[in-house]
Amino acid sequence: MRTVRFGIIGCGLMGREFASAAARWCHLAEMNVRPEIAAVCDSNASMTKWFSDNFASIRQISADYREILANPEVEAVYIAVPHNLHAEFYCAAIEAGKHLMGEKPFGIDIHANRRIMSCIRHHPEVFVRCSSESIFFPSMQRIGRMLESGVFGRIIEVNSGFLHSSDLDPSKPINWKRILKFNGEYGCMGDLGMHACHMPFRAGWYPKDVRAILSNIVPERPDGKGAVVPCEIWDNATLLCATDDVDGNEFPMTIKTQRIAPGNTNTWFIEIFGAKASARWSSKQANTLEIMEYKGGEQAWQVFDMGHGMSYKSITGGIFETGFSDTILQMWAAFLYEFDKGKPIAKFAGTVTPSEVEASHHLFSAALESERKCSVEKIKPETL
Ligand SMILES: NC(=O)c1ccc[n+]([C@@H]2O[C@H](COP(=O)([O-])OP(=O)(O)OC[C@H]3O[C@@H](n4cnc5c(N)ncnc54)[C@H](O)[C@@H]3O)[C@@H](O)[C@H]2O)c1
């Protein structure tokens with residue numbers, strides 16, 4: 001089994017998720033490559049304790065990411081830090097020759113993303129991917145296989161979204177994800193948008209234009225120290241996009257990202273309506289996939305229990321349900337499988353590519369313009 005030594009830069013919520021996935025790598029049945037957490041970095045020293053308490057493999061702990069990048073033992077890095085740091089940290093990692101899994105939005109704005117894309121193009125020897133795990137739910141993988149076999153026929157409409165309600169409570173104190181200079185002007189789109197775009201982009205559905213309605217529903221929040229401060233971030237975004245299917249037929253696609261979606265704690269969903277078949281899935285009922293095939297006559301939705309039909313085989317029995325941390329493990333399996341073998345195990349079982357994340361920046365930047373001008377904005381055609 002090949003071992004890839006990783007440094008984790010940013011030891012918060014997502015840094016811990018990766019380390020935990022690495023700790024249960026034996027859960028994956030057929031991998032020839034595994035990650036080992038060799039180094040961790042966080043500017044807040046208290047964040048690294050959980051790692052040193054739980055991972056004997058860690059030989060380097062630092063508050064300075066440059067020390068991790070200078071460590072020849074570290075072959076790859078996972079960088080999960082606030083958005084304002086993405087361009088600096090990702091470019092430094094790529095230039096140091098470290099393979100990179102970076103968190104979305106992969107640059108706080110389109111200018112930061114352009115810097116990162118330029119580094120990637122100058123270093124083709126470095127393997128770079130962006131994190132997004134929802135596509136690894138078995139239902140999404142099944143929809144991916146349906147797309148590959150062309151069963152949907154002409155696409156009529158697609159709705160994809162990510163809804164949660166972590167900001168529904170207006171008394172929740174502000175944190176970096178609600179502050180413009182750390183999170184960026186995209187607001188909820190930068191935070192949630194790549195998740196909603198992953199499956200459509202992988203299907204080849206790149207929006208041609210967008211009419212966006214963005215909402216700042218809670219414009220101020222407590223600062224946690226007794227004062228109230230402005231909260232300038234877009235809480236919710238609805239993007240209506242004219243999109244072509246692979247045969248060049250136009251259809252409407254909505255990409256919805258909401259931090260204030262009453263009744264949703266963390267809901268990914270996708271609905272694909274086609275002339276010959278339709279499918280819909282929501283993580284609210286993660287085990288349930290609905291499919292309707294139309295051959296004339298009556299229309300009837302079929303309901304499938306998806307169990308644990310993972311693309312990267314796991315030891316869990318096929319009848320058991322799938323959850324968030326299972327998809328994180330699958331996403332990491334996808335990253336390392338593709339790193340090792342040069343391509344993912346299946347078209348829809350791959351992590352987000354740099355060109356897909358670049359396309360998301362074109363969409364979100366156009367959406368900002370659309371909101372500003374109350375206009376339909378054309379989107380630069382994908383060039384990669
Ligand atoms: N894939 C997903 O489902 C998912 C979910 C949540 C967040 N994210 C993304 O992950 C990234 C991090 O989000 P998070 O929720 O883990 O945030 P977090 O606040 O929990 O963790 C970020 C960590 O970065 C550290 N940090 C800040 N400045 C640093 C510096 N200069 N050097 C080193 N460490 C520094 C912080 O101390 C903190 O521990 C963001 O890009 C976010 O959009 C992805």
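1. Two residues are taken to be in contact if their C-beta atoms, placed from the backbone, lie within 7 Å. By that criterion, 20 residues of domain 1 are in contact with 20 residues of domain 2.

2. The model is predicted: local features need pLDDT of at least 70, side-chain atom pairs count only at pLDDT 80 or more, and totals for chains, interfaces and linings use all residues. Residue numbers start from 1 along each chain as its sequence is written.

3. Domain 1 covers 2-130, and domain 2 covers 137-316 + 354-378; the bounds come from an automatic or database domain assignment. Between the C-alpha centres of the two domains the distance is 26 Å. On the side of domain 1 that touches domain 2, helix 5 (110-122) and strand 6 (128-130) each supply at least two residues. Helix 5 has the largest share of that side, with 4 residues. Helices (H or I, at least four residues) and strands (E, at least two) are DSSP runs, numbered from the N terminus.

4. That side of domain 1 comprises 12 nonpolar, 5 polar and 3 charged residues. For these classes, Ala, Val, Leu, Ile, Met, Phe, Trp, Tyr, Cys and Pro count as nonpolar, Asp, Glu, Lys and Arg as charged, and the others, Gly among them, as polar.

5. Around the ligand there are 23 residues, of which Gly10, Gly12, Leu13, Met14 and Glu103 come nearest. A residue is near a molecule or strand if its C-beta atom, placed from the backbone, lies within 6 Å of it. The shell divides into 11 nonpolar, 7 polar and 5 charged residues. Helix 1 (residues 13-23) gives the most to this shell, namely 3 residues.

6. Strand 8 (residues 207-215) runs antiparallel to strand 11 (residues 236-244), and 8 bridges join them. Ser215 has Asn236 in strand 11 as its bridge partner. Strand 8 is also joined by 2 bridges to strand 17 (residues 377-378), again antiparallel; here Val210 is partnered by Glu377. Strands are said to pair if DSSP finds at least two bridges between them. In a regular strand the side chains alternate between the two faces of the sheet.

7. Ser166 lies in the loop between strand 7 (155-164) and helix 7 (180-183). Ser166 counts as partly exposed because it has 15 C-beta neighbours inside 10 Å. The cut-offs are 20 or more other C-beta atoms within 10 Å for buried, 12 or fewer for exposed, and in between for partly exposed, with C-beta atoms placed from the backbone. From Ser166 to Gly150 the separation is 16 residues in sequence and 37 Å in space, C-alpha to C-alpha.
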